[in-house]
Amino acid sequence: MNSSRLLISRQSRRCLFDRASQSSAPVSRSAAQRIVTRPSSSNKSSTAAAAFSSAQPAAAAAASAVLLSTAFLYTSRNDLSQCSVTPQLGAEPTMLSPATEPKTGILFPRLCNGMTFVGCGVRVKYGFVKVYAVGTYMDPLAMSVIKDQEKPQLQKALLDPNYPRTIRIVMNRSLSIEKYTAAIIEALEPRMKGQDLDSLEEFKKLNPPVDLIEGAEMEMTVRGDTLLYKNAVGGIGQIRSGVFTSALCDVFYGAEAVSPGHLEDVLKGVKKL
């Protein structure tokens, strides 16, 4: 047999193996090997290809199977990788790269708590201190009814806590937990108009007395009157208050949102769901 490397595509192997399996007169492996290695009377160095042409169809098919098995052993890993199916142009990617908040470089995964990323921004204090990056994840199914509406209708929907979403906060700098909770409560309290203020104390208790470091993450998942909160150390708790969740939505999506850039990005992203 010619010792040169035999390169056969996966499609060719499949076709020839199928042909061998459909033969009505199976031939043993040893017989097939004799057919392959039998020297020709005219040229003892003739290749297995000559045996194929002279053998009966059933024997040739069996010999094909033996040759293909040998070829498979000679096929390198690189060759095997080249046999994989090439995705068609325009096909949906199987994995999506994370989104980057441009002013901080903080990354946001495309999925969070089963919801889809729609936009991000940065919370700036005193005009120049980039405190944290914030991203929003929405339920595509819930937003499918209103995503094609105009900006005022979309913003009205974002203010409604009955549209599920996760608000993900990633610290851009270290901050004491007291300052973090104080800033959130300072933003929430005037929006709650004196109602259900006990929920603010509940929120404080959901954050352990551990200062936040750069990169610390908090997640606030809003579903109607329920807030599911994941603190910076991974602890999970909840608050049941429609007043609280409505105020929280106003903090991030209202006319005086704490991060206008985040709101604008979310409004654009919702239309792409």
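Helices (H or I, at least four residues) and strands (E, at least two) are DSSP runs, numbered from the N terminus. The model is predicted: local features need pLDDT of at least 70, side-chain atom pairs count only at pLDDT 80 or more, and totals for chains, interfaces and linings use all residues. Residues are numbered from 1 along each chain as its sequence is written, and side-chain values use heavy atoms, with hydrogens and water left out.

View 1. Helix H8 covers residues 177–192. Its 16 residues should span 22 Å at 1.5 Å a residue, and the end C-alpha atoms are 22 Å apart, which agrees. The expected span is 1.5 Å times one less than the number of residues. Ile177, Tyr180, Thr181, Ile184, Ile185, Ala187, Leu188 and Met192 of H8 are buried. Buried means under 20% relative accessible area, exposed over 50%, and partly exposed in between (1.4 Å probe, protein chains only). What do the buried residues of H8 pack against? Their partners are strands S6 (165–171), S7 (217–223) and S8 (226–230), with helices H9 (198–205) and H10 (242–253). Contact here means heavy atoms within 4.5 Å.

**View 2. H8 against H9.** The two helices pack at about 160 degrees, with axes 10 Å apart. That makes H8 roughly antiparallel to H9. Axes are lines fitted to C-alpha atoms, for helices over the stretch in contact, and angles run from 0 to 180 degrees between N-to-C directions. Angles under 35 degrees count as roughly parallel, over 145 as roughly antiparallel, 65 to 115 as roughly perpendicular and the rest as oblique. H8 passes H9 in a right-handed crossing. A crossing is right-handed if the near helix is turned clockwise from the far one by less than a right angle, and left-handed if anticlockwise. From H8 come Tyr180, Thr181, Ile184, Ile185, Leu188, Glu189 and Met192; from H9, Ser199, Leu200, Phe203 and Lys204. By class, this contact of H8 with H9 has seven nonpolar, two polar and two charged residues. Ala, Val, Leu, Ile, Met, Phe, Trp, Tyr, Cys and Pro count as nonpolar, Asp, Glu, Lys and Arg as charged, and the others, Gly among them, as polar.

**View 3. H8 against H10.** H8 and H10 pack at about 115 degrees, with axes 9 Å apart. Their crossing is right-handed. H8 supplies Ala187, Leu188, Arg191 and Met192, and H10 supplies Val243, Phe244, Ala247, Leu248, Asp250 and Val251. The contact of H8 with H10 has eight nonpolar, no polar and two charged residues.

View 4. Lysine 193 is exposed, at 67% relative accessible area. Asparagine 113, not a glycine either, has a positive phi of about 55 degrees. Its place is the loop between strand S3 (111–112) and S4. Asparagine 113 is partly exposed, at 42%.

**View 5. Threonine 116 in strand S4.** Threonine 116 lies in S4 (residues 115–125). At 24% relative accessibility, threonine 116 counts as partly exposed. Aspartate 139 is 23 residues from threonine 116 in sequence, yet their C-alpha atoms are 6.4 Å apart. Not counting residues up to four places away in sequence, threonine 116 touches Arg110, Leu111, Thr136, Tyr137, Met138, Pro140 and Leu273.
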